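Start with the structure below.

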Amino acid sequence: MLVFQLLLNNSLLEKLDLKKLLLYSWFQDKCVWDIPSVIMLLPIWNFWFVSAVGVVSLSAPKFTPFRNYSSMALHAIPSGLTDDVIGLDLASNKIEQIWDMDLKFAVNLVTLLLQSNQIQAIDENAFRSLVKLEQLDLSKNNLTHLSPSWFSHLSSLQQLNIKDNYYTELGGTPLFLPLQKLRFLYLGSDYFSAIRKQDMEGISALEELEIKGRDFTQYESGSLGSFQHINHAIFNVRSTTSLSLMINDVTNSVMCLELRNLQNLDILPGQLLPTSARKLILRNVVLSDDGVVNIAAIMNIMSQLDEAEMVDCIFHGRGFMYGIQKNPIALKVLTVRNLTNSMFYTFSDLSNVMSLVPSIVRLTLENAQVFLVPCPLAQHFRSLVYLDLSVNLLKDSTLAHSLCENAWAKLETLNVSQNSLSHVESVAQSVANIVNLANLDISQNNFGGMPESCVWPANLKYLNISGCKIKILTSCIPQSLEVLDVSNNNLVEFKMSLPYLQELYITSNALNTLPDAASIPYVRVLKMGENKVMEFSEQELAQFAKLKTLDVRHNSFTCSCAFLSFMQSYQGISDVLVGWPENYICDSPFSVRGEQVSVAQLTVTECHKTLVVSLTCVLTLGIILAMVILCYKFHAIWYMQMTWAWLQAKRKPQRTHQKEICYDAFVSYSQYDSEWVENIMVQELEHSNPTFKLCLHKRNFLPGKWIVDNIIDSMEKSSKTLFVLSEHFVQSEWCKYELDFSHFRLFDENNDAAILILLEPLPEKTIPKRFCKLRKLMNTKTYLEWPRDEDSQQLFWFNLKTALKS
C-alpha cells in the first residue's frame, strides 16, 4: 500500500492523466502483490512518465493540459479554465468554496485534486459539467456534509477520496448511486460515526475501499453486504463491534483485508464468519500475547488465507501465547516489518506458536528486534524456502544457534543483512548446515576482513556481501556463485576467478580498471558504477564474450582520444551501457571536463601528443642547428666571449699613474708575423740608442695564468701598445678570441696609447666587421706602414721611435 500511495502521489502522475492507467491494472485479480517487484518496476514507470511529459510538451508548446496550482496559497479556483484543461492540481491551497462557474467550462477535465484546502461549501452544480472526470480528491478539507448533487453527473468517476473532513455520516440519500464506474473509494474521518445500508447503494465492486472512523459506532449490519467483489478493503475503525460486523459483511467479497490503528485486537473468533480473504494486513496495531492468540484463531477460520502481514505494529508481550490451537493453518507467507517490542530481551522460546509455522513458505521478520530463533522452532519450518531476518540483532553466535542442524530443511534464500555479524567464516560455517541454500544476503554487516578460505553450502549461487567494509576479496568467496554483489566496499581490485559467475555487482568501490575477463568468462551483467575507472578499450570489452549489460556510470573518465573514438563509434553501445550517454561524463583532460563522453571532442594537439612532441623536438633541433650555423657565420660566440672577457676586465681597477711601468710597448701580432717582429722590429728597438723594452707574449706572459689576464696586465704595465697589422692578424683565431679584446679595453678607456703598424697593404674590406674600432682607428688615426725599400725603412724606424717616446 505504501508503494501504491507513493506512485499515486507522484508529481508526474498528478501532472499527467496516468493515474487511471495504474489504478486500472493495480488490483486486477487479487490483493497479493510483491513489493520488491513493484519497486523494480518504478524506473520503467518513471521512464514512461518522463517520455509522456516530453510528448505533451512537444505537442503543445504554448499550452499544457495539466495545470499545477498546488501550494500557491490560492483562495479560489483560478478563472479562465476551458475545455483544453484535462488535469487540475489545486492541492494545499486556501480555497474555502467551489462556485457553480469555477469549473463550468472545463468540460474535458479528467483529474481534479482539491485535497488539503479549507473547503467548507460546494455549490450544488459545481461539478455538473464534469462528465469526463475520472479522479476527484476532496480529502483533508472542512466539509461538514455531503450532497448527492455533487456526484450526480460524474458518470465517468473511477476514484473518489472524501476522507478527513468533518461530516459524521454520508446523508439520507445514496451518494454513490450514479457512480457506476467507481473503483476506488476512500471515506470517513475521525468524526465519521455511521454507515447505513442505503449509503453504498449503486456500488457492487471496488478495487479498493477505505473506511476511517475513530468514533465509528453506528454500523448497520449489511451495509457492505451488497458488494460482490472488493479487492482490498481497509478498515480504520476502533470499535471492535462495528469492525466485526463490517468484516462479516465482506466475508465473501474481499480478497485482501487490512485493519489499521487498533489499540487492542480483542475481536473474538466466534464473532466472525469464515471469510474468503486471501491476505490479512495489520498496520499500526498494538498487540499483546492474547491478541496474537486471537489473530491465530481468526486466521484459522480464514480457510483461504495465504498471506499475513504486520507493519508498524507494537507488541506488548513476552511470547507466552497460551491457547493457540494445535491444528495447522494454511498460511504460506508471513511478513512482519517494523515491530516494536520493549521487552524483546525477555522473550520466551515461542514453543506455543510451533503449530502455526509448518506450512509457511516465505517468512519476513524485518526490523523486528530478532536476536535469536530457537532451534526447536527453526526445526518446525519444514516448508520454508525464503527467510528474511534483515535489520535485526543477530550476532555470529546467535545466528549459529538459529541455523542449527536439521532446521530450515527446504530453505533456499536467506537474508541476514544489517545485523551485527562480524566474521565471514562464522557465517559461512553456520549456513553450511543448510544444504539447499542457494541465495544468501549478508550485506551491511561489519565484517571488515575476509579469511583465505571458507566452507559454504555446495549449491550457493547468489551471495550479497555489499556494504561490509571489505578491502580485499580472497578465495573465501565460493566458486559456485552465479551472482555476486560486493558493492559499497573498499575494494581497489577484483582478481577473483569465478568460472560460473553470470552477474557481478561491484559499484561504489575504488577500482580503476575493469575486472579480468578471463577470470569471469561467463559474466552477462557487470555493474561497477561509482568507482575510479578512468577508461577502457574496445579490446578489453571484447574479451567479455557473454556480456549483455555493462554499468560503469559515474566514474572519473579520462577522455583520451582513443577512449573517445571507441565510445563514440562503438556499434550498439546504448544496448550495452546502462545510463548511456547522460551518466558518462569526462573528468579529464580539463578542456572537456564536465562534458558527456558521447559528444566530447579533443583538439589535434591533444590527440597526437607523440607526433606533436616529435615534431617539436625536430623543430627545436632544427632551430638550434640554425642558430649554431648563424652564430658561427656571424661570430656570435666570439661576441659573447668578448663580452664575458670585457665584463671580467671591467672588474679590474683601471691603471693609475702611480702604477709601475715595466715596458715601453706591448706588441700585439700574429704568430705568422713573428719572424718580422722578433728578428727585425725587436732587434731594431731593443738594440738602439736609446733602447726600448718590449713585451712579447712568447717571452713575457706568465705560464698558467689566463691569457686575457696576461694581456691586460702586460698592457697596463706598458706605455704603448703596438699593433702589427696584417692579413694574418685579422684572420688569426688567437687575435680574434684573445688579443683583440685588449684593443677593446684600450679603446674603451679612450687613451691614445695605440700605435698601428701596417706590415702589408690591408684593404678595409679584409678587416672583419667585428673589429669595428680597429676599422674606425684606421680611418681616423695615422698609422705606420712598413716600406719595402731600405731607404724608406730608416724613416719608418725614426717615426716609430718618435711615437714610442711621445
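## The largest cavity

Helix α7 gives the most to the lining of the largest cavity, with 3 residues. This is a predicted model. Helix α7 spans residues 289-301. Strands β13 (254-260) and β14 (279-283) also each supply at least two residues of that lining.

In total, 14 residues line the largest cavity. Those nearest its centre are Ile247, Leu257, Leu272, Ile298 and Met302. The lining has 13 nonpolar residues, 1 polar residue and no charged ones. The space inside is about 100 Å³. The structure holds 4 cavities of 30 Å³ or more.

## The largest pocket

The largest pocket has a volume of about 900 Å³. Its lining comprises 38 residues. Nearest the centre of the pocket lie Met321, Phe347, Leu350, Val353 and Leu365.

Which element gives the largest share of this lining? Helix α7 does, with 4 residues. Two or more residues come from each of β14, α7, β16 (307-311), β18 (333-337) and β19 (362-366).

## Helices α17 and α23

Helix α17 covers residues 674-686, and helix α23 covers residues 790-805. Their axes come within 11 Å. The crossing angle is roughly 70°. Angles of 65 to 115 degrees count as roughly perpendicular, so α17 is roughly perpendicular to α23.

On the α17 side, the contact is made by Trp676, Ile680, Met681, Glu684 and Leu685. On the α23 side, Phe796, Trp797, Leu800, Lys801 and Leu804 meet them. The contact has 8 nonpolar and 2 charged residues, and no polar ones.

## Confidence

How high is the mean pLDDT of the chain? The mean is 84. Of the residues, 84% reach 70 or more.

Residues 1-62 have pLDDT below 50. Beyond near neighbours in sequence, this stretch has 86 contacts in the model. Where pLDDT is low, predicted coordinates should not be read in detail.

How values were computed. Residues are numbered from 1 along each chain as its sequence is written. This is a predicted model: local features need pLDDT of at least 70, side-chain atom pairs count only at pLDDT 80 or more; totals for chains, interfaces and linings use all residues. Side-chain values use heavy atoms; hydrogens and water are left out. pLDDT is the predictor's confidence in each residue, from 0 to 100. Contact means heavy atoms within 4.5 Å. Axes are lines fitted to C-alpha atoms, for helices over the stretch in contact, and angles run from 0 to 180 degrees between N-to-C directions. Angles under 35 degrees count as roughly parallel, over 145 as roughly antiparallel, 65 to 115 as roughly perpendicular and the rest as oblique. Ala, Val, Leu, Ile, Met, Phe, Trp, Tyr, Cys and Pro count as nonpolar, Asp, Glu, Lys and Arg as charged, and the others, Gly among them, as polar. On a 1 Å grid over the protein atoms alone, a cavity is a set of points where a 1.4 Å probe fits but cannot get out, and a pocket is an open set with protein on both sides within 12 Å along at least five of seven lines; lining residues have an atom within 4 Å of a point. Grid points are joined across faces, edges and corners, and a volume is the space filled by probe spheres set on the points.
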